[in-house]
Amino acid sequence: MEKTPKTQDVMGWKVAASLFLIATGAGSYLAGFLFGLMDPAGSAALSKLTVILGAPFVIVGGGLLLCDMGQKSKFYHMVSRPGSSWMSRGTFFLTLFVLFNLLHLFAGTGPAATLLTSPGLYFTIRIITSVLALLTLVYTGFVLGVVKAIPFWSSAFLAWLFLFSGMSTGAMAASLVFSIVKLAGGEGTVQHLTSLARFTSFLIILEAMVLGIYLKVMKHRSPGSVKTLTRGKLARVFWGGVVGAAVIVPFVIEVLKSFVTTGPASLLVLTLIGGITGLTGGYMLRHVVVYGGTRIPLNVQGQSVAPPSEKYETKVIDASYQSFQKA
């Protein structure tokens, strides 16, 4: 009988939820900035909404991550090693992103009143915040890689996957809120959402491509994790929650919104279905990545060790040598 891969049990839903919220907040801001560059005339209202959504999502996600820490006294160590720790880098990225996001949000009021009178300075703040949003998204992909015993988390493709997923869920969150607040109240226009839908569908295509490449690479590096996702205990969540809810359903709905002529009421219904489904799928993606990590044995130096095919127990002699003794 084939042995079932043993998945990790240290990190759970709080980590998955925090990664999702942080990525959605940062992705919302970055998607809004890029969409604004592509369509500056018709995207003012949506771009402003992405600025409003950014900081709250990241703050709540960061709070969940802190709640998941085993010992709160280790917070100092978490932020004291930016040169070698993605956790430390991420803390600085998140903090700076929130500060600059709030500076952008409250531009024109109080101490930030002069920002709007200087277009160059205002645009510089937007660029800096967008770069910080990009770094925050990349951080969510690399933070899991610190666990060397789980190769499923140690891949640059995971950072790309969370980048495009965060931007797509951020765009869908903005579209969803815009539909509820503006379109349902008769204040928004159909053109706002159809333009954003084309941009979002492109992001979903990139996300699907990176997901396929990531799983293909991990099939050789971490076959146990891929098996757990595609054929094991997480298969239903993966195929239904990730492939279906994060990729297929949102993509179909965004295409319908982009190219099929509909009225405000029909567009509102499509946006509600696509937004809720896509955001659920965005969380499910991080859920299967976190819960699908399978451990491999490591030696003292942190290098992976492949024991013989029979039942052996590993005996560490020193830092650079191991022997396998029959159990």
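Is Thr-200 buried or exposed? Hi everyone, let's start there. One thing to keep in mind as we go: this is a predicted model.

Thr-200 sits in helix H7, which covers residues 190-221. Its relative accessible area is 1%, and buried means under 20%, so Thr-200 counts as buried. What is Thr-200 in contact with, leaving aside its neighbours within four places in sequence? There are Ser-168, Ala-171 and Met-172, and there is also Glu-254.

Now, please turn to helix H9, residues 235-259. I'd like to look at two of its partners.

Let's take helix H8 to begin with, which runs over residues 223-230. The axes of H8 and H9 come within 5 Å, crossing at roughly 70°. Angles of 65 to 115 degrees count as roughly perpendicular, so that is how H8 and H9 are placed relative to each other. If you'd like to find the contact on screen, look for Thr-228, Leu-229 and Thr-230 on the H8 side; they meet Ala-235, Phe-238 and Trp-239 in H9. Sorted by class, this contact has four nonpolar residues, two polar ones and no charged ones.

The other partner is helix H10, residues 264-291. Here the axes of H9 and H10 come within 8 Å and the crossing angle is roughly 150°. Over 145 degrees counts as roughly antiparallel, and therefore H9 is roughly antiparallel to H10. Their crossing is left-handed. And the residues in that contact? By class, H9 with H10 gives 15 nonpolar, eight polar and one charged.

Technical notes. Residues numbered from 1 in each chain as written. Predicted model: local features only at pLDDT ≥ 70, side-chain atom pairs only at ≥ 80, totals over all residues. Heavy atoms only, no water. Axes fitted to C-alpha atoms, helices over the stretch in contact; angles between N-to-C directions. Helix = DSSP H or I, 4+ residues; strand = E, 2+ residues; numbered from the N terminus. Parallel < 35°, antiparallel > 145°, perpendicular 65-115°, else oblique. Contact = heavy atoms within 4.5 Å. Nonpolar A, V, L, I, M, F, W, Y, C, P; charged D, E, K, R; others polar. Buried < 20%, exposed > 50% of the residue type's maximum accessible area, 1.4 Å probe, protein only. Left-handed = near helix turned anticlockwise from the far one by under 90°.
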